[in-house]
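Hi everyone, thanks for coming along. Let me put the structure up on the screen, and then we can walk around it together.

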4 protein chains.
Amino acid sequence: MLGTGLIGDFYTGALHAQRSRDRVRVVYSRTDERGSAFSQRWDIPEHTTDLVAAVTHPETDVVVVGIPNHLHVEAVEAAVAAGKAVLVTKPLGRNAEEARLILETVERAGVFGGYLEDLCYTPKALKAMAAVEAGAVGDVTWVRSRETHPGPHSAWFWDGRLTGGGAIIDLGCHCIEVIRGFVGKGNRPVEVMCHTDTLVHPIADEDNAIALIRFESGAIGQFEVSWTFRGGMDLRDEIAGTEGTIWINHFLRTGLEIFTAGGAQGYVAEKAETNAGWLFPLGDELSELGFVDMFTDMFDAMEAGREPRETLYDGYIVNAVMDACYRSAKSRAWEPVETFEWRGSETPRIGTAPEMVDGKVVIKRELLPDGRQRLIVKDPGTGDFADLIVVAGD
Amino acid sequence: MLGTGLIGDFYTGALHAQRSRDRVRVVYSRTDERGSAFSQRWDIPEHTTDLVAAVTHPETDVVVVGIPNHLHVEAVEAAVAAGKAVLVTKPLGRNAEEARLILETVERAGVFGGYLEDLCYTPKALKAMAAVEAGAVGDVTWVRSRETHPGPHSAWFWDGRLTGGGAIIDLGCHCIEVIRGFVGKGNRPVEVMCHTDTLVHPIADEDNAIALIRFESGAIGQFEVSWTFRGGMDLRDEIAGTEGTIWINHFLRTGLEIFTAGGAQGYVAEKAETNAGWLFPLGDELSELGFVDMFTDMFDAMEAGREPRETLYDGYIVNAVMDACYRSAKSRAWEPVETFEWRGSETPRIGTAPEMVDGKVVIKRELLPDGRQRLIVKDPGTGDFADLIVVAGD
Amino acid sequence: MLGTGLIGDFYTGALHAQRSRDRVRVVYSRTDERGSAFSQRWDIPEHTTDLVAAVTHPETDVVVVGIPNHLHVEAVEAAVAAGKAVLVTKPLGRNAEEARLILETVERAGVFGGYLEDLCYTPKALKAMAAVEAGAVGDVTWVRSRETHPGPHSAWFWDGRLTGGGAIIDLGCHCIEVIRGFVGKGNRPVEVMCHTDTLVHPIADEDNAIALIRFESGAIGQFEVSWTFRGGMDLRDEIAGTEGTIWINHFLRTGLEIFTAGGAQGYVAEKAETNAGWLFPLGDELSELGFVDMFTDMFDAMEAGREPRETLYDGYIVNAVMDACYRSAKSRAWEPVETFEWRGSETPRIGTAPEMVDGKVVIKRELLPDGRQRLIVKDPGTGDFADLIVVAGD
Amino acid sequence: MLGTGLIGDFYTGALHAQRSRDRVRVVYSRTDERGSAFSQRWDIPEHTTDLVAAVTHPETDVVVVGIPNHLHVEAVEAAVAAGKAVLVTKPLGRNAEEARLILETVERAGVFGGYLEDLCYTPKALKAMAAVEAGAVGDVTWVRSRETHPGPHSAWFWDGRLTGGGAIIDLGCHCIEVIRGFVGKGNRPVEVMCHTDTLVHPIADEDNAIALIRFESGAIGQFEVSWTFRGGMDLRDEIAGTEGTIWINHFLRTGLEIFTAGGAQGYVAEKAETNAGWLFPLGDELSELGFVDMFTDMFDAMEAGREPRETLYDGYIVNAVMDACYRSAKSRAWEPVETFEWRGSETPRIGTAPEMVDGKVVIKRELLPDGRQRLIVKDPGTGDFADLIVVAGD
């Protein structure tokens, strides 16, 4: 385990969760103090401030990279040099160039690699993606993915020199990959329109952004990220399809609601901004935010000799989309998503041949209270529209 | 009352609601059959197919224009010629040019005019706007307004020649004015970025669109409209501010939830797509969708000799923003909102001087479980970020 | 208007709401100071501390009794003596004896009377009751009605000598009548089991209670009332039927959610216990809590010469049920509901002849993923149960 | 693993979940066909129809009893005879006598025993119980636990001769133990009032029941169970305390909402009654319903030589409470909970000395919009109540 920040805690918590057979054996931290505290907190046999020592440790089978973005390339190179499997936290790199370097380093060495994108592994996302694949919503037309909170907990997240950007690089990477999971990973992201602004915090990078991603099928991915949201963590996905709709709420309204007058000294729900009033905690954050299923897939894939659901190539595509976002925010225009190689398929345009009734194009069918249906039809010759009432079945 | 469609029903229902002292006296319809049915349904003394006869009727004090968009100019000119007050449904015109014509016709004549934008008058919107004005969310940074459903009930809505466009002209006009209500009507809409597509229905106009409106303060208005949403009517507003958040759900989750196995013949909840399963009806649609409060404001304003909350000028601005949306969707770039005259004020940029502690810029404060606070601070010289733990109050 | 407390404000707000043609002309208060403030607040021409003067005032057509429970009998007698119509707030009396006295006083005089039970008139309740009547949930089997908050705002509510009890007399009266609205008013309440306790407040009367009401059809009404609930006002109804379910949430989750960091001086949402954090206000309390529809029905009924939905006899039945509750809480056993006269009908027991398949009683049908159905059947001879898989339609 | 029904699937799914180190080695089924299918489905090395062979198998360390209620005693005796640890599904026995027999059999033999009550181990329940223990809601005054659905999937559940009762024995056992978890397990259940009825299904046992459990502290546990609920599975807990409130929704509104027009052949969400319309599936049922955390606690406890959170004694108490429920339903009166031994503590009555201001008892404090507080006070001499406005802090 490389890294002892919040993400290190989440990862180790998930790796050790329940009756897991996996264990963190060595933890690397840049300071001895934090490494020591972390290894005690999680009952880890060894800790070190020497990254190479950690990855070459004989009991290390897999290197989990959970350190700041600007250190990913170096850490991956060290792990690969030691011949170890490597799992890298999000975002893969500070930009597509770094991500490609990581991808190619791992692929050239032939070691197992995985992209630690937990939000594609939440039980709700997995269930919803299965429903989409089963056809429950028809063709996906639009996916909105939103992640907003009042800003990161650690100082380095705010320094664009170390991270590669602001709220997009921190949160947008999640949203982009969630969107890809719903529109289909083989569905090529063609171009991007993005708006960014720094509305509240006195920083150089964006604290708010929205972007549209146009996929080859015509489907739109829309992501919204913010470091200025008030009220906790707002983490929602909304999927629209030709035959259905899916709404996922990961955080603020999940069926656990606590009102407290605040008498409990020191009791603060995680991610809440207050210690009194209505609070909306998660039941089991590690499971509900996807960390547990993510590591299960990674280790099962490694043992089975297959690819994980989230590959380093996926991480590279996410960086490529984010690069396009930053270009678009600057040019204020749609920008193409540029990739050195497209490994997906070609995806036909959404939509089917229109239904015809009596030589008219059917625009819409509606159920009436008496059981009949109202059709709105268009005369293809004149372009005129009209109503048509039919008994159901016609 | 000009018009006997769904909107005519809503308007008359609201005008006659509860113990109202107001009554519709004459209704105009293009066909005698519908005029007759409508006047019976609502107990209206007279109906006619002669628009001029309706507006010049001696008992007509106020002309309510609820007919298709392409007939607004003509109807308003007739009403004004008769010296009557005139209330016009949304959108005011098919474009800003028509809207300006209506506005100037009414203003030149000096009669009372009002813009019938019901969604700015919903009890939830009024309460939320009051909360914003009281400072409950600080400075508004972002407003998302969303209106989506499976497509309009009447044929003419689908004909862009008659309406001026597709889902934007039908639904976007609501969203734009709701957004203005939250960012402040004096806050100038500067420019617009819009994406439209026709993803499902075999029509020439857009059935899906999203737009960003940048206001002078830096606040962003984001609207999402669709004629392809499945599951009923999704009508939500989300307001983000520097000190708070507001979420409004007008339709699908308002505290009335019915599961029915479907045994009730002919029982279908309005706007639902099914007659079995979980349904989410409104309690009192006329009140909750704003129609009642809207007419109260219009008539009270007229009697008091003041302007209503929603003026014809507001309707004109909405058309001007929609014109910019259509230009942007074509140019695929940000387009300025062009108005012949700006009646609002100048609005300073959101944001205040950053807080300083020990010569460092404070980026964020967080409450820790032990009651202390963690500060994330930035050194203005080096640009480096660091953590700082302080006891509360420091 | 007799009374200038919170209920007087609600009633007058509703009577004057929107474009109402009705107006309060005279208000009676026990103190001149409150009468004066009230009449200014609501723009009422006259106020007085002389109850008889108020009811006999020539412009008084209807007397609205909104004063404490122990004064209802006297107020009604004065109104009836003056030959005026009389509308009485809930509960009708401190007990069934007082309620019967009021009922008989009004009926003997032949004046119009109505029972001001607002929660049976909420738009959600009206819509839900219509759905039940249309058969959307089949036979009603169980109704849970719950009203809880941290305790009343006015001192006299806490004095059982003046009110007739505690949380039951204050809140249970609402629940009982809501339950009757769903199980059917002709469905006789046969017996009651009630538990009360004083868990938090240092008072002599109950601050928590639950009761079961068994109706002639076998349906159960369950009410829960509390003066010790934390987090605002919890006002929910849940209706179970053989073919469906209805959930009504009147207060805390109705689609308007505000998070505020609390910067707004003096801004407190009504019924909220805090002025920061997540708040859940109503859009239009007067409408959503039923006051507007209630007075519309009362005045329309009076003008049409028909009975209102909520009659004084209904108020009497509610008191009779509450009397049985208090008896049951003391005896710790089921107690019969005693009425001097039953004006409803006889209601047969819920339930139909069981479905038979191949000589077996069908207990349950379930839809399987493959479209077939699983039947659970019982052999009427042996009493043994078994599974049976059939294709749908069989 | 004894048993191959739905519960066997849940248990095995949880035991094998994620990266678990535990595995089912032998499964016992009463029929070879089901044993074979089950062992294939879960990749279990051996299956048998010989219960003794299963429990004495050399690789069996722990016997999980997941067979019908009337077979528990026999299965536990076999497991104990083989000297194996034994985990028993809910309810422990068909009545307290059987439960005591199981408890004493295990304790006499000195083997490890555990009570498989999954709903006390849901992540939400664990988080909520921790919040209660931290004082977030003050003293617990009332706990409502509700489990209702349209009736069990397997035939034997409907046969009271095999189960010991109806909906109470099936579902009430969950609710009772959840309630104990919130009021405190050391808090003695003193007496019970219960109402049962058979409203819909043609069976001899109850398909609906409600019960009140009075605990020594004065807290009330209220459970509601039904086999006639329509709309899916309604599984909610509501905890009221002197300083707060907790609402837990385990099933129908947990942040995953799917609308489907039904085009997906064969796609049915578990527990849903329809295959179209709005569906509310769980993300990860095994985790969210507590099965994963339950087995983690059981195995960790066994390895650590400590008691699990849910002991066989807890199972015995649950049976004792259910026995009292059935007695009460018959006698229609409160019935004492009879236990052969109480292993909990003595719990003082809820409540503290009342707050006094100026010789008056303070009944309630309210925050006013202007920041002041309104106190409702009682004169202990006269019993009269009055208002008092004070500035905050007084």
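Let's start at Asp43(C), which sits in the loop between α2 (32-42) and β2 (46-48) of chain C. Asp43(C) is not a glycine, and yet its phi is positive, about 55°. Most residues other than glycine have a negative phi. Is Asp43(C) buried or exposed? With 66% relative accessibility, Asp43(C) counts as exposed; the scale here is buried under 20% relative accessible area, exposed over 50%, and partly exposed in between, using a 1.4 Å probe and protein chains only.

Before going on, a word on what you are looking at: this is a predicted model, in which local features need pLDDT of at least 70 and side-chain atom pairs count only at pLDDT 80 or more, while totals for chains, interfaces and linings use all residues. Residues are numbered from 1 along each chain as its sequence is written, chains are lettered from A and ligands numbered from 1 in the order in which they are written, and side-chain values use heavy atoms, with hydrogens and water left out.

Now hop over to chain D, where Gln18(D), also not a glycine, has a positive phi of about 50°. You'll find Gln18(D) in the loop between α1 (6-15) and β1 (26-28) of chain D. Gln18(D) counts as partly exposed, at 24% relative accessibility.

While we are looking at backbones, which peptide bond of chain B is cis? The one from Lys90(B) to Pro91(B), with omega near -15°. Pro91(B) belongs to the loop between β4 (85-89) and α5 (96-109) of chain B. In chain D, Lys90(D) and Pro91(D) are joined by a cis peptide bond as well, with omega about -15°, and Pro91(D) is in the loop between β4 (85-89) and α5 (96-109) of that chain.

Next, please look at Asp170(C), in helix α8 (residues 167-183) of chain C. Asp170(C) is buried, with a relative accessible area of 7%. What does Asp170(C) contact, leaving aside its neighbours within four places in sequence? The partners are Lys90(C), His149(C), Pro152(C), Phe157(C) and Trp227(C), where contact means heavy atoms within 4.5 Å. With Trp227(C) there is a side-chain polar contact of 2.9 Å. By polar contact I mean a pair of N or O atoms within 3.5 Å; within protein, one must be able to donate a hydrogen and the other to accept it, and residues adjacent in sequence count only if both atoms are side-chain atoms.

On to a sheet in chain A. Its 4 strands form an open, antiparallel sheet in the order β15-β16-β17-β18. At the edges stand β15 (356-357) and β18 (385-390) of chain A, each with a single partner strand, so one side of each has no neighbour in the sheet. β15(A) pairs with β16 (residues 360-367) of chain A over 2 bridges, in the antiparallel sense; strands count as paired if DSSP finds at least two bridges between them. Val357(A) has Lys360(A) in β16(A) as its bridge partner.

Finally, how do the chains go together?

The contact takes 74 residues from chain C and 74 residues from chain D. Because 100% of the interface residues of chain C are also interface residues in chain D, the copies meet through the same surface. How many salt bridges are there between chain C and chain D? The count is 12, a salt bridge being a side-chain nitrogen of Lys or Arg within 4 Å of a carboxyl oxygen of Asp or Glu. One of them joins Arg236(D) and Glu238(C), whose closest N and O atoms are 2.9 Å apart. On the side of chain C that touches chain D, strand β16 (residues 360-367) of chain C supplies the largest share, 6 residues.
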